[in-house]
Amino acid sequence: MRVLPIIALYAVFSGPLGEEPGWRGFATPRLLAKHPALAGSLILGAIWAIWHLPLGLIGDLSVYGTVNVLLAAVVFTWLYQNTGSVLLAILMHITHQNSVRFLGKVFIDADHVQQQWIGVAIWAVAAVAIVAVYGTESFVRRSATQPALAGAV
């Protein structure tokens, strides 16, 4: 139970509560109004990765972390498009971030790197599954009778 206050502090000062209203609440709808879901996700993922570049100043930036952000952007777009909820994006961000931050500390050296790449692989499987099921235009499932409209979210 001592870890709960730490998780709350990380949520406030280390990303999710500061990032998700901007990434999902502001940027995602604007990107999706001009781009297909996959392209918008990858554009936002690139911006999100650049946002994290200052972590390099404290030695907390890695290739797997950067790739992870690009893949996670696809999954977060799917989540947001299907729920419209920034809160769920915040909770998903908190869950992922804290699993990496706390569970990742269990592993050291090569095991830590391997564990991080396994996490990237999981995000990749999720992103590929989303694109395989929903396509690249919109990550929202349409009913068989609903016509696909250009630019519809």
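Are Trp23 and Trp48 buried or exposed?

Author: Both Trp23 and Trp48 are buried, where buried means under 20% relative accessible area, exposed over 50% and partly exposed in between, with a 1.4 Å probe and protein chains only. This is a predicted model, in which local features need pLDDT of at least 70, side-chain atom pairs count only at pLDDT 80 or more, and totals for chains, interfaces and linings use all residues. Residues are numbered from 1 along each chain as its sequence is written, and side-chain values use heavy atoms, with hydrogens and water left out.

A search of the whole structure finds 6 aromatic pairs. Rings of Phe, Tyr and Trp (its six-membered ring) pair if their centres lie within 6.5 Å; planes under 30 degrees apart count as stacked, over 60 as edge-to-face and the rest as tilted. The ring centres of Trp23 and Trp48 are 6.5 Å apart and the planes stand at 50 degrees, so this pair is tilted. It links distant parts of the chain, with Trp23 in helix H2 (residues 16-34) and Trp48 in helix H3 (residues 37-51), 25 residues apart. Helices here are DSSP runs (H or I, at least four residues), numbered from the N terminus.

Trp48 also forms an edge-to-face pair with Phe76, at 5.5 Å centre to centre and 80 degrees between the planes. Phe76 lies in helix H4 (residues 63-83), 28 residues from Trp48. Phe76 counts as buried because its relative accessibility is 2%; for Trp48 the value is 3%. Trp23, Trp48, Trp51, Phe76 and Trp123 form one aromatic cluster.

Conventions
Helix = DSSP H or I, 4+ residues; strand = E, 2+ residues; numbered from the N terminus.
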